[in-house]
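Hi,

Here is the structure I said I'd pass on.

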Amino acid sequence: MTKVAMTLNGKKVQADVEDRTLLVHYIREAQGLTGTHVGCDTSQCGACVVHVNGKAVKSCSMLAAQAADAEVVTVEGLAKGGDLHPVQAAFREHHGLQCGFCTPGMIMTAVDMINRYGGNLDEKTIRHELEGNICRCTGYQNIVKAIKSAADQMSAMKTAAE
Amino acid sequence: MGVEGIGARALRKEDKRFITGKGRYTDDIVLPRMGYAAFVRSPHAHAKVVSIDARAALEMPGVDAVLTGDQLVADGIGNIICGWMIHSKDGSPMNMGAWRALEPEIVRHVGQAVAVVIADSQGEAKDAADAVVVEYEELPAVVDPIAAMADGAPQLHPEAANNLIFDWDIGDEAAVNAAFEQAAHVTKMEVHNNRLVPNAMEPRAAVADYNEAEEHHTLYTTSQNPHVARLVLSAFYNIAPEHKLRVIAPDVGGGFGSKIYIYPEEMVCLWASKRVGRPVKWVCDRTEAFLTDAHGRDHRSEAELALDADNKIIAFRVKTVANLGAYMSLFSSSVPTYLYATLLSGQYDIPAIHCNVKTVYTNTTPVDAYRGAGRPEATYLVERIMETAAREVGLSPADFRRKNFIRSFPHQTPVIMCYDAGDYDATLDAALKAIDYDGFAARKAEAASRGKLRGIGMSCYIEACGIAPSAAVGSLGAGVGLWESAEVRVNPVGTIEVLTGAHSHGQGHETTFAQLISERFGLDTDAVSIVHGDTDKVQFGMGTYGSRSGAVGMSAVVKALDKVEEKAKKIAAHLMEAAEGDIQIEGGELKVAGTDKKLTFTEVALAAYTAHNLPEGMEPGLKEGAFYDPTNFTFPSGTYICEVEVDPETGKTAIISFVAADDFGNIINPMIVEGQVHGGLTQGIGQALLENAAYDENGQLITASYMDYCMPRADDVPSYQLSTHVTECPGNPLGMKGCGEAGAIGSPPAVINAITDAINNNDLTMPATPEQVWQLCQGSMKMAAE
């Protein structure tokens with residue numbers, strides 16, 4: 001067993017877990033945050049994407065111990081108070097989800113994508129960047145629309161703030 | 001949300017919990033003292049189980065129990081059933097082999113479970129499952145259904161000689177033979193419909209909790225139809241009587257058919273929870289899902305189309321072999337029969353059709369309904385042979401189809417179905433216009449100038465869904481009726497709960513069902529909640545599959561709303577001393593026509609519950625239920641056109657554009673319908689270009705992970721251009737047709753017809769991988785050079 005401490009959605013947390021515990025299981029089981037999902041066992045589907053120190057990571061592809069002392073953000077940590085993150089709001093506005101299972105990973109990937117590209121995201125880039133996230137319900141069209149819309153909105157907000 | 005009635009693009013009420021990580025799926029459920037199950041699975045496709053030695057596993061940390069098939073059988077747990085009886089053409093019933101949830105004697109496909117470990121954690125359970133020593137005696141395996149029927153092939157079940165499950169016919173063979181004698185032209189082809197794995201993103205899961213004091217089981221599970229699960233678990237598997245068994249399907253992450261069935265694992269968890277005296281949880285790995293979720297499709301067909309001198313179709317003859325895998329899954333027998341051959345008339349007036357279907361056991365994962373279930377197989381066959389015949393006789397694909405369209409309704413086909421309404425010209429016209437069909441030649445020439453091969457292909461599909469009139473399906477062998485139930489509970493404060501037997505696993509019922517109430521009573525959709533997925537809350541229901549939630553499930557809600565409205569009007573008339581016929585409902589108020597007298601819906605609801613002043617003899621309360629049995633299938637139809645560009649150097653196909661013109665009848669929420677079409681089209685394009693469940697000759701599934709089975713990703717598919725045309729369905733009160741499967745049904749032949757057009761070679765089979773397309777391009781170029 002290993003004691004693993006980290007900052008999870010802004011709160012300091014710790015838990016004793018088996019050495020082999022993956023980050024996704026630490027988040028879901030040791031911390032009880034079940035928004036992060038497991039959809040495969042080969043790090044292909046992307047349902048488990050979270051942010052580790054500001055970067056999108058498939059949380060099934062690293063040990064919890066590797067995230068010791070890191071800043072980890074999950075889908076539960078995006079909304080501020082009652083206000084949805086613009087990417088969350090855009091997924092709803094554009095019907096970018098159906099069964100909701102891939103959605104947390106999609107949203108975390110999208111936030112990371114927008115952080116990296118800002119307002120310079122076009123459909124082709126978004127589709128390419130989504131190669132690590134599988135959705136079986138939506139056919140991706142409305143996910144792409146949602147990400148483009150959130151990117152445009154966030155970039156406009158940033159410009160307005162500057 | 002506001003008042004959002006029929007036709008509104010209402011945003012989804014359920015989204016907030018999903019986008020904030022607050023969904024509640026089965027794997028999110030944790031109960032005190034819960035143990036975890038891990039299954040010991042056969043690595044062989046066909047083998048005798050000689051011995052199972054669990055001694056080492058039982059010594060491992062955290063291990064509670066190792067249970068085997070012998071114990072399951074000794075406890076009287078029943079075999080897994082197939083719920084649809086099909087008789088062969090000689091009148092004999094289908095040959096069904098025994099399927100046990102844990103197999104004690106002979107395993108028949110890779111991944112079949114022989115034992116289960118229960119331990120304190122998932123990791124410990126999996127470690128111990130690896131330590132269970134099973135001695136097998138390997139038997140020869142067969143994976144090809146044609147080979148399986150040959151004399152001397154390995155035999156799976158003693159009940160099925162030559163592995164033949166049934167040999168079934170539909171249509172008038174003599175009339176078809178006579179018509180072929182007269183044919184001016186006959187088009188023949190062989191078509192293979194590739195095997196697919198449904199791949200809902202949420203893997204199957206179960207949490208079973210037995211309460212010894214109450215002798216009561218609770219099962220949380222990833223089900224599309226919790227009541228059907230309870231019925232089968234109770235009536236056939238002897239888990240517990242229905243009143244001692246509660247099945248809850250909470251948020252479910254996609255189904256596509258694969259979560260209809262009652263699988264071994266869920267049933268073993270229920271049984272094991274009682275045996276070990278603690279709650280038991282099982283969560284499927286993705287590779288386990290590939291090996292054990294029911295697969296889809298897998299048909300091999302020969303088809304012949306007979307035309308007269310005017311290019312009118314005079315007869316259609318089809319022979320199909322359907323691979324059902326190692327066992328007969330719950331609805332497996334209905335898929336290649338009544339859900340398939342009954343659609344072979346397509347959108348066309350064909351006087352005579354005959355189809356023979358042979359279903360076969362092989363050492364592969366069982367096959368059952370997957371999005372479309374039989375109709376994609378029929379549509380692929382019909383639309384490929386239509387395109388091929390048009391090319392052979394030198395007509396444009398659109399003109400040949402138009403020449404043969406059905407134009408008067410109702411239309412009785414020679415294969416059972418009676419089409420109630422449609423306008424096939426309208427959707428064909430819309431699709432041709434949307435894709436600028438007339439401009440294709442110029443686009444093809446431009447692509448050729450860049451060394452690329454452009455092709456265009458269409459598919460005019462029809463399907464039958466809204467499954468289905470109970471008496472009709474009963475007469476065809478179904479073990480259940482396929483009605484739906486609803487209950488509308490108006491609370492004393494005027495808010496409403498709608499209980500439905502339909503189950504949402506992505507379809508958005510919490511929104512669309514609420515729109516019906518908003519429409520009827522002028523209430524805010526926030527005042528309505530939809531209750532589903534729990535056998536303790538909803539009395540009964542048949543669940544969601546076969547695009548039935550709207551046409552069947554909502555129709556039941558409408559019937560219950562009629563009753564609520566009638567009673568509310570009676571109360572309002574009584575309170576306002578008006579005639580019942582003068583009461584109108586508008587904007588959440590009950591008004592007396594032509595006066596300023598009115599009561600809010602809330603006031604009427606409260607009056608119903610205080611019961612201080614009700615009409616003489618009226619019972620208190622405002623709650624009504626209804627059962628709705630559909631009068632016919634519904635028949636969505638449409639035209640899909642796909643334009644592709646093939647790179648002959650690499651064989652890679654790019655979809656340049658894809659247009660869909662659908663007729664779904666009346667639409668409750670266009671946003672949700674569009675989402676259904678996007679998803680269906682993507683699954684169909686996945687089948688056409690990418691997906692294939694492949695076995696080696698020993699029965700190993702060589703595509704058992706996302707590293708090997710090619711799921712459509714965002715950059716594999718285009719943005720689709722959609723339109724709808726409405727012919728109302730006369731068979732249900734809302735005039736709706738199903739929309740959930742059409743995309744997956746109609747799209748594969750459009751893609752393949754486009755590629756064969758591009759490469760000028762019709763020998764293409766699904767999936768059209770770059771390697772296959774490249775090979776055919778080489779052949780075409782060689783032929784052109786000679």
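Predicted model: local features only at pLDDT ≥ 70, side-chain atom pairs only at ≥ 80, totals over all residues.

**Chain A**

The domain assignment gives domain 1 as 2-77 and domain 2 as 86-157. Taken over C-alpha atoms, the centres of these two domains of chain A are 21 Å apart. Their contact draws on 15 residues of domain 1 and 11 residues of domain 2. On the domain 1 side, strand E3 (49-52) and strand E4 (55-58) of chain A are the elements that give two or more residues.

**Domains of chain B**

Chain B is divided into three pieces, two of them made of separate stretches of sequence: domain 1 covers 31-139 + 201-254 + 259-292, domain 2 covers 296-467 + 632-785, and domain 3 is 483-628. So which parts of domain 1 of chain B touch domain 3 of chain B? Helix H7 (226-235) and strand E11 (245-248) of chain B each supply at least two residues to that side. H7(B) gives the most, with four residues. In total, 16 residues of domain 1 are in contact with 14 residues of domain 3 in chain B, and the domain 1 side splits into eight nonpolar, five polar and three charged. The centres of these two domains of chain B, over C-alpha atoms, are separated by 40 Å.

**Where the chains meet**

The contact between the chains takes 42 residues from chain B and 46 residues from chain A. On the chain B side, the elements giving two or more residues are helix H1 (15-19), helix H9 (286-292) and helix H18 (670-689). H18(B) gives the most, with six residues. The classes on the chain B side are 16 nonpolar, 16 polar and 10 charged.

**Two sheets in chain B**

Start with the three-stranded one. It is an open sheet in chain B with the order E4-E2-E6 and antiparallel pairing. Strand E4 (106-107) and strand E6 (133-138) of chain B are at the edges with a single partner strand each, so each has one side without a neighbour in the sheet. Strand E2 (residues 47-53) of chain B pairs with E4(B) over two bridges, in the antiparallel sense. To find the spot on screen, look for Ala47(B), which stands opposite Val107(B) in E4(B).

The four-stranded sheet is also open, but its pairing is mixed, with the order E18-E26-E27-E28 in chain B. Its edge strands are strand E18 (453-462) and strand E28 (721-724) of chain B, each pairing on one side only. From one strand to the next the twist averages 15°.

What joins strand E26 (residues 637-647) of chain B to E27(B)? The answer is 11 bridges, with the two strands running antiparallel. One of the pairings is Gly638(B) with its bridge partner Asp662(B) in E27(B). The hairpin of E26(B) and E27(B) has four residues between the strands, and in it Gly651(B) takes a positive phi near 80°.

On its other pairing, strand E27 (residues 652-663) of chain B meets E28(B) in the parallel sense over four bridges. Ala660(B) stands opposite Leu722(B) in E28(B), and Ala661(B) has Ser723(B) of E28(B) as its bridge partner. In a regular strand, side chains alternate between the two faces of the sheet.

**One helix pair**

Last item: helix H10 (residues 375-393) and helix H11 (residues 397-404) of chain B. Their axes are 9 Å apart and they pack at an angle of about 110°, which means that H10(B) is roughly perpendicular to H11(B). The crossing is right-handed. From H10(B), Met386(B), Glu387(B), Ala389(B) and Ala390(B) meet Pro397(B), Phe400(B) and Arg401(B) of H11(B). By class, this contact has five nonpolar, no polar and two charged residues.

Cheers

Terms used: Residues numbered from 1 in each chain as written. Chains lettered and ligands numbered in written order. Pairing = 2+ DSSP bridges. Domains from an automatic or database assignment. Contact = placed C-beta atoms within 7 Å. Nonpolar A, V, L, I, M, F, W, Y, C, P; charged D, E, K, R; others polar. Axes fitted to C-alpha atoms, helices over the stretch in contact; angles between N-to-C directions. Parallel < 35°, antiparallel > 145°, perpendicular 65-115°, else oblique. Left-handed = near helix turned anticlockwise from the far one by under 90°.
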